[in-house]
Amino acid sequence: MDAAGIIVGIHGLENKPPRDEKWRWWRAAVAEGLLRNCGRDGGEFSFEFVYWADLRYDHPLLGEANDEPYRPDEGSGPFPRHQPGSDATLNDGVIGKVYRGLAALQSATGATPLDDAILEHRFDDLWHYHSETPFARQVRRRLIDVLEQHAGRRTFLIAHSMGSIIAYDALRMLEREAPSVRVEHLVTLGSPLGLAEVRAKIGEENGEARVPNNVDRWTNMADNRDLAAVAGELSDTFVPNDRGVGVTDMAVVNAYLRPNGSANPHKSYGYLRTPELSELVLGFMSQARTEREQG
């Protein structure tokens, strides 16, 4: 296995800037986090980006049409870290508790009006992903092609928002079609995988909601203010895989601010700059250097 490894990212819902720009911005956000949080130059990691917005939108966001660009933060020092004890679990606030109560009712009745409303009006792309099979196949194939291209390399897969659902489905497909393709570490950011309707779709296609067998480690990160993660901890609903690998849930602080100063705790760039993610990336990179030195 190639010790150098590669970081692979896949974006989430809604239209995006052009692919090359989005690739640069994701990579810059990870590098900024490494520098601010860990004091390390982030320019040394290999990065691949899976872009699929063009499958849903005729034209990318350009110029002022994009009101949530990546811009380096004006501050200094580490980005804010979630303080243990401030929230016991992911989305442990009133909204999360209300959702989980209604989700239990949805599961019992088989009807999912709450999830339908969330998916259709807040996560429109995901609504189409679940209802349009050709679109789902195309999106998954883009990620699968990248993972197969880098088979044999240590892979750190970062999946944001709807990208985490695409990643999960693609990994379950790879279990069956190419079991030799593996992901060393899957990191999901602001994931809606816990929504009752999403889990129902997983059940229809894959059976039990569990950690994919081709994943060696899965860390799920979410800001407690992020609506996409309203269902709470994924470890509650995704059982360990056949090798005993479970989900590690981690609350983080997404400090992204739009140019107008308003917060968006779901934005990918904010997640990519969190100290918790920086430390995982640094660990992945450091292990690669150690293996090269020992080899």
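**Entry 1: Overall content**

I counted the secondary structure of the chain in this predicted model. The chain holds 9 helices and 6 strands. I then looked up burial and found that 54% of the 295 residues are buried. The accessible surface of the chain amounts to about 12,800 Å², and carbon and sulfur atoms account for 50% of that surface. I also examined how far in sequence the contacts reach. Of the contacts between residues at least 6 apart in sequence, 84% connect residues at least 24 apart.

**Entry 2: α5 against α6**

I turned next to helix packing. Two packed helices are described by the angle between their axes and by the distance between those axes. I took helix α5, residues 133-149, and helix α6, residues 162-177. Their axes come within 9 Å and cross at roughly 70 degrees. This angle falls in the range of 65 to 115 degrees, so α5 is roughly perpendicular to α6. I noted the handedness as well: the crossing of α5 past α6 is right-handed.

Which residues of α5 and α6 meet? On the α5 side I listed Phe-135, Val-139, Arg-140, Arg-141, Leu-143, Ile-144, Leu-147 and Glu-148. On the α6 side I listed Met-162, Ile-166, Ala-167, Asp-169, Ala-170, Leu-171, Met-173, Leu-174 and Glu-177. I sorted the residues of this contact between α5 and α6 into 12 nonpolar, no polar and 5 charged.

**Entry 3: α6 against α7**

I followed α6 to its contact with helix α7, residues 196-206. The axes of α6 and α7 come within 12 Å and cross at roughly 15 degrees. Angles under 35 degrees count as roughly parallel, and α6 and α7 are therefore roughly parallel to each other. I recorded a right-handed crossing for α6 past α7.

The α6 residues in this contact are Ile-165, Tyr-168, Asp-169, Arg-172, Met-173 and Arg-176. Their partners in α7 are Val-198, Ile-202, Glu-205 and Asn-206. I sorted the residues of the contact of α6 with α7 into 5 nonpolar, 1 polar and 4 charged. I noted that Asp-169 and Met-173 of α6 are listed in the contact with α5 and also in the contact with α7.

I located Glu-14 in the loop between β1 (2-10) and α1 (19-38). Its relative accessible area is 46%, so Glu-14 is partly exposed.

I placed Ser-161 in the loop between β3 (153-160) and α6. Is Ser-161 buried or exposed? Buried means under 20% relative accessible area, and Ser-161, at 0% relative accessibility, therefore counts as buried.

Note on methods:
Residues are numbered from 1 along each chain as its sequence is written. This is a predicted model: local features need pLDDT of at least 70, side-chain atom pairs count only at pLDDT 80 or more; totals for chains, interfaces and linings use all residues. Side-chain values use heavy atoms; hydrogens and water are left out. Axes are lines fitted to C-alpha atoms, for helices over the stretch in contact, and angles run from 0 to 180 degrees between N-to-C directions. Helices (H or I, at least four residues) and strands (E, at least two) are DSSP runs, numbered from the N terminus. Angles under 35 degrees count as roughly parallel, over 145 as roughly antiparallel, 65 to 115 as roughly perpendicular and the rest as oblique. A crossing is left-handed if the near helix is turned anticlockwise from the far one by less than a right angle, and right-handed if clockwise. Contact means heavy atoms within 4.5 Å. Ala, Val, Leu, Ile, Met, Phe, Trp, Tyr, Cys and Pro count as nonpolar, Asp, Glu, Lys and Arg as charged, and the others, Gly among them, as polar. Buried means under 20% relative accessible area, exposed over 50%, partly exposed in between (1.4 Å probe, protein chains only). Accessible areas come from the Shrake-Rupley method with a 1.4 Å probe; for residues, only the protein chains shown count as cover.
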